[in-house]
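Subject: Structure handover

Hello,

Here is the structure you asked for, with the sequence alongside. My notes on what was found in it follow below.

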Amino acid sequence: MDEIAADPSHPRYQSLLLRHRLEEAEKKGMLAGSAMIAHGRGEAYDYLLGEQTIPSALHATKEALTALKGASHPVLSLNGNVVALAGKEMLQLAAVLECPVEINIFYRTPERMEALLSHLEAIRSSEGIDVKILGAKPNAKIPGLEGPRANCTKEGILDSDVIMVPLEDGDRCEALVSMGKTVIVIDLNPLSRSAKMGNITIVDELTRVVTNMLELLSQPTHDNGGLAYDNEAVLTDALRHISTKFGTPEV
Ligand code: PTJ
């Protein structure tokens, strides 16, 4: 990271930090070829959202925590971007929720799986986080998907009742919903197929979501206080926020 990016007082510090994490992960062979494109699309939406957690996203985050806490077999699905941006925090979250994480990547190669697993294993041992990391030996398939992207583990994704899928591909999200799971999506694009398919969609930046979740879980109550949850309303609110950010156009 250059001098400007290393300075927390720099106005773009957070954005530069996340980019730096991706650059480092790229060097270690952890990322898909299109990882930077996906991140850039996320950045664009985040800019339009004002790089903040909007109230409807916090509402969805609380709903997601309620679902994860009430699940019999919750699991957190991790892809290359997620491990690069928030590998440590996802392991910490899984530890608090007492659930496994599963590496489940769209562009699956043995080399990438190895790089992601060893990166997470290193964090787990250096931080002393007691969490099961699944995905190394897939022994099941997600029904309705073709090829290596269908691979998963029975004890993790296949048998899960509630699954959190940050930055998920639309097809896979749809397949998981069709299996009857409660699918929690984290996606800055409220118009993506995953965002629309998910049962609970958090339209917010991944690292902010995980930070919020860890903070909420450290408090005595972290649910929505019985408020009804409507995922379509959450998506509509995010779009409204984006379209009104700069005020109403004059013409
Ligand atoms: O590691 P792999 O092989 O599983 O591949 C991972 C990527 C992300 C490359 C792959 O799933 C992909 O191509 O994803 P998409 O279809 O580009 O979708 C990514 C979505 O995540 C987009 O809608 C982005 O707006 C959104 N996004 C990107 N970065 C973030 C984000 N949402 C929340 N937080 C982010 N940091």
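**Strand pairing and the sheet**

Val165 stands opposite Val185 in strand E7. Please keep in mind throughout that this is a predicted model. The strands E6 and E7 (residues 182–186) pair in the parallel sense, over five bridges. Between E6 and E7 comes helix H7 (residues 170–178), and E6, H7 and E7 together make a right-handed β-α-β unit.

On its other pairing, E6 goes with strand E1 (residues 74–78), again in the parallel sense, over three bridges. In that pair, Pro74 stands opposite Val162 of E6. E7 in turn pairs with E8, also parallel, over three bridges, and there Ile186 is opposite Ile202.

Put together, six strands form an open sheet with parallel pairing, in the order E3-E2-E1-E6-E7-E8. The edges are E3 and E8 (200–202); each has a single partner strand, so one side of each is left without a neighbour in the sheet.

How many residues of strand E6 (residues 162–166) are buried? Five of its five are. Both faces of E6 are covered, with Val162, Met164 and Pro166 buried on one side and Ile163 and Val165 buried on the other.

In soluble globular proteins, nonpolar side chains tend to be buried together. The largest nonpolar core here has 50 residues, and Leu76, Met164 and Ile184 touch the most other members. Helix H4 (residues 80–97) gives the most to this core, with 10 residues. A second, separate core has 14 residues, among them Ala150, Ile157, Ile163 and Val183.

Leaving aside residues up to four places away in sequence, Leu76 touches Leu68, Met90, Leu93, Ala94, Leu97, Cys99, Pro100, Val101, Glu102 and Met164.

**Helix H5**

Helix H5 (residues 110–127) has 18 residues and reaches 26 Å from its first C-alpha to its last, close to the 26 Å expected at 1.5 Å a residue. Its buried residues are Arg112, Met113, Ala115, Leu116, Leu117, Leu120 and Ile123. What covers these buried residues includes E1, H4, strand E2 (101–103) and strand E3 (133–134). After H5 comes Gly128, which has a positive phi, near 65°.

**Two single residues**

Thr153 lies in the loop between strand E5 (151–152) and helix H6 (154–158). Is Thr153 buried or exposed? Thr153 counts as buried because its relative accessibility is 5%, and the cut-off for buried is under 20%. The side chain of Thr153 makes a polar contact with the side chain of Glu102, at 2.8 Å. Not counting residues up to four places away in sequence, Thr153 touches Glu102, Leu134, Gly135, Lys137, Pro138, Asn139, Ala140 and Leu158.

His20 is in helix H1 (residues 13–27). With 18% relative accessibility, His20 also counts as buried. His20 and Ala84 are 64 residues apart in sequence, and their C-alpha atoms are 9.7 Å apart in space.

Regards

Methods:
Residues numbered from 1 in each chain as written. Predicted model: local features only at pLDDT ≥ 70, side-chain atom pairs only at ≥ 80, totals over all residues. Heavy atoms only, no water. Helix = DSSP H or I, 4+ residues; strand = E, 2+ residues; numbered from the N terminus. Buried < 20%, exposed > 50% of the residue type's maximum accessible area, 1.4 Å probe, protein only. Polar contact = N/O pair within 3.5 Å; in protein donor to acceptor, adjacent residues only side chain to side chain. Contact = heavy atoms within 4.5 Å. Core = buried A, V, L, I, M, F, W, Y, C linked by side-chain atoms within 4.5 Å. Pairing = 2+ DSSP bridges. Right-handed = clockwise from strand over helix to strand, strands pointing away. Expected span 1.5 Å × (residues − 1).
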